[in-house]
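Trainee: I have a new model open in my viewer. Could you help me read it, feature by feature?

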Amino acid sequence: MQRHQVVFLFLISALVLLSVQYFRGYMHFIRNLKIKVMMLSILILFTLLWSGVSFFSLHSLGSLKEEVALTNVQQVNGDIINGASARYYQVKLAMDRAMVAQKKGIQPVTSS
């Protein structure tokens, strides 16, 4: 388990304990034991559902992060493509400047 998952499970358990303590203190208004049991069971059910959905979301996002991560070969290929793209725009800019200079009648500087 990763650290954030352990912290999440700790917070869920603390929430359950606090809610049980809360209902224990304020449940004297409800006289019927069946209602008390039903309320606590619904609270526990929704807490378990919420923790299950949260754990599934964290697990899904973790696996998605692993799938999206680039391998070394993919990273090198991306660097090559981006470098080639930068070189393309440098050449295009130089050609555009040469065309503007030619239209103005200025002799472009050529390197030999």
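Mentor: The chain holds three helices and zero strands, where helices (H or I, at least four residues) and strands (E, at least two) are DSSP runs numbered from the N terminus. Along the sequence the pattern reads α-α-α. This is a predicted model, where local features need pLDDT of at least 70, side-chain atom pairs count only at pLDDT 80 or more, and totals for chains, interfaces and linings use all residues. Residues are numbered from 1 along each chain as its sequence is written, and side-chain values use heavy atoms, with hydrogens and water left out.

Trainee: Where is confidence lowest, and where is it highest?

Mentor: pLDDT is the predictor's confidence in each residue, from 0 to 100. Where it is low, the predicted coordinates should not be read in detail. In this chain, helix H1 (residues 3-26) is lowest with a mean of 72, and H2 is highest at 85. The chain average is 77, and 80% of the residues score at least 70.

Trainee: What span does helix H2 reach?

Mentor: The expected span is 1.5 Å times one less than the number of residues. H2 (residues 33-68) has 36 residues and reaches 52 Å from first C-alpha to last, close to the expected 52 Å.

Trainee: Which residues in H2 are buried?

Mentor: Buried means under 20% relative accessible area, exposed over 50%, and partly exposed in between (1.4 Å probe, protein chains only). In H2, Thr47, Ser51 and Ser54 are buried. Leu45, also placed in H2, is partly exposed at 46%. Of the chain's 112 residues, 9% are buried.
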